[in-house]
Amino acid sequence: MSSTAGSSREAAIARAQAEFDSGAFRERMAALVAIPSTSQSPAHAGDLRRYLEEGIAPWITRLGFESGIHPNPEAGCGPILVASRIEDPSLPTALLYGHGDTVLGMEEAWAPGLKPWAITERDGLWYGRGTADNKGQHIVNLAALEAVLAERGGRLGANVKLVLEMSEELGSRGLRAFVETHREELAADALIASDGPRVEPGLPTIAAGSRGSFMFDLVVKLRAGGVHSGHWGGLTTDPAILLSHAVASIADRNGKILVRDWLPGETVPAPIRAALEGCPVGGGEGAATIDEGWGEPGLTAAEKIYGWASFIVLAMTSGRPEAPVNAVAPEARAACQIRYTGDSDPSKFERALRAHLDAHGLQKVAIERAGIRMPASRTAPDNPWVLWTKASMERSLGTRVQVTPNASGGLPGDVFVDLLGTPLVWVPHSYNGCKQHGPDEHVIPAMLREGLTAFTGLWWDLGEPGTPRRG
């Protein structure tokens, strides 16, 4: 599409930036953060729908979308909004995704003066639940689209479809079944969306997928109740010791995974290693440290979290830690997680673990509740849509953009790859230190402004010649 007379890419970006600098962007985000749309409390079920009905639907209607709010196929999960803005079916079509639900507010745990359901500015940061995950991120993308439409007189030169779910923090339950039912309606050339963190705060990032999450419990149940530690200690098996040996057999003292069938191969595949060459990793001030020597030897920090698997013990108990008694506990339990990449085979994980434990004489350690919580997904880093997005962002921002083969965390990209065949282009507007699932969640305003700049350029370029097409 040729530009409307007097309009330009630069003018569209300047328009979006002016809207941000005026305070209007923050005001809009504050109104959406104020809706306590947590999917993790049944008491807020009405707020999930209110976020879509009152917060999003009127806005996207003004942008020319036709939308509908649908019940989730899975009982007890939040609704799903689907919208489309079709100018010509022959034009490129981008699918935009986001989620308006959040984790619990955790009001009592926030720092004094901070609240989850309001935006508070402190030390140059904007605090509030959903500012980073994911309200702030999809607000950026819609605000950028609004700027381009305004600059082009209401025409984009491309088509946009939108899926906004309200159960992502429940593992996107129901999303796969919903998308499968609406495959024709949601067909697109590529998914371009925002969630998760950049590789480091100051480096714009594209992630072409996400790591998967496989969960399981290790359980040692030996007797009906505890027995006196003086009379029985040293005579009867201690389940906590047995469990500790099981965990120690899975990873060595430096975190190297010893169940090698969980891994994508002997080392990071060459194309993935090439894509990650020179990729930094950093969470910003207040983030967890990167411990030298932890994890797989010989890998860079980027290769460890973007190209490899990790094993984490999420919780581990035996007896009553809050009130210990003089007893050999009857059982011990550890909740465990594998973060894995798209080139690993999770169908082998439980079987490989069982064989590994048995080989170490740990037959009494049971594996319970094993399964995928969120599948891995990956688009090739050199996919035309990934490269097109990178070029557009670098033109808008005047700086290099880092491409990773996948995000380090989990995202529901597998649904769109499997059912729609869309390449995945995730452009995050957050960072690892944003505290997105805990108290004091926040965003860096300059990063949102940069994301707004990048997405305004993307929407503009989508309506210009040279956009990749599916197939």
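Author: A salt bridge is taken here as a side-chain nitrogen of Lys or Arg within 4 Å of a carboxyl oxygen of Asp or Glu. The structure is a predicted model, in which local features need pLDDT of at least 70, side-chain atom pairs count only at pLDDT 80 or more, and totals for chains, interfaces and linings use all residues. Residues are numbered from 1 along each chain as its sequence is written, and side-chain values use heavy atoms, with hydrogens and water left out.

Reader: Into which domains is the chain divided, and how far apart do their C-alpha centres lie?

Author: Domain bounds come from an automatic or database domain assignment. Domain 1 comprises 9-210 + 376-463, and domain 2 comprises 212-276 + 292-374. The distance between the C-alpha centres of domain 1 and domain 2 is 34 Å.

Reader: Which residues form a salt bridge at 2.9 Å across the interface of domain 1 and domain 2?

Author: The rule finds one salt bridge across this interface. The closest N and O atoms of the pair are 2.9 Å apart, and the partners are Asp343 and Arg378.

Reader: Which strand gives the largest share of the side of domain 1 that touches domain 2?

Author: The rule finds four residue pairs in polar contact across the interface, both residues being at pLDDT 80 or more. A polar contact is a pair of N or O atoms within 3.5 Å; within protein, one must be able to donate a hydrogen and the other to accept it, and residues adjacent in sequence count only if both atoms are side-chain atoms. Helices (H or I, at least four residues) and strands (E, at least two) are DSSP runs, numbered from the N terminus. The largest share, three residues at 402-404, comes from strand β17.

Reader: Is Thr93 buried or exposed, and what is its relative accessible area?

Author: Thr93 is found in strand β3 (residues 93-99), and its side chain reaches the backbone oxygen of Leu91 at 3.5 Å. Beyond four places in sequence, its contacts (heavy atoms within 4.5 Å) include Asn159, Lys161 and Asp189. Buried means under 20% relative accessible area, exposed over 50%, and partly exposed in between (1.4 Å probe, protein chains only). Thr93 therefore counts as buried, with a relative accessible area of 9%.

Reader: Which backbone oxygen does the side chain of Ser344 reach at 3.3 Å?

Author: Ser344 is found in the loop between β14 (331-340) and α11 (349-359), and it is buried at a relative accessible area of 9%. Residues touched by Ser344, apart from those up to four places away, include Leu263, Pro264 and Phe349. The oxygen reached at 3.3 Å belongs to Trp262.

Reader: Where does a cis peptide bond occur?

Author: Most residues other than glycine have a negative phi, and most peptide bonds are trans. Asn134 has its place in the loop between β5 (125-127) and α4 (135-151). The cis bond, with omega about 0°, joins Asn134 to Asp133.

Reader: What is the phi of Arg369, and which network includes this residue?

Author: Arg369 is found in strand β15 (residues 366-374) and counts as exposed at 67% relative accessibility. Its phi is near 55°, a positive value in a residue other than glycine. The salt-bridge network links Asp217, Arg333, Glu368 and Arg369.

Reader: Why does the pair of Glu146 and Arg28 tie together separate parts of the sequence, and how many residues apart are they?

Author: The side chains of Glu146 and Arg28 meet in a salt bridge (2.9 Å, N to O). Both count as partly exposed, Glu146 at 22% relative accessibility and Arg28 at 22%. Because Glu146 lies in helix α4 and Arg28 in helix α2 (residues 24-33), the pair ties together parts whose separation in residues is 118.
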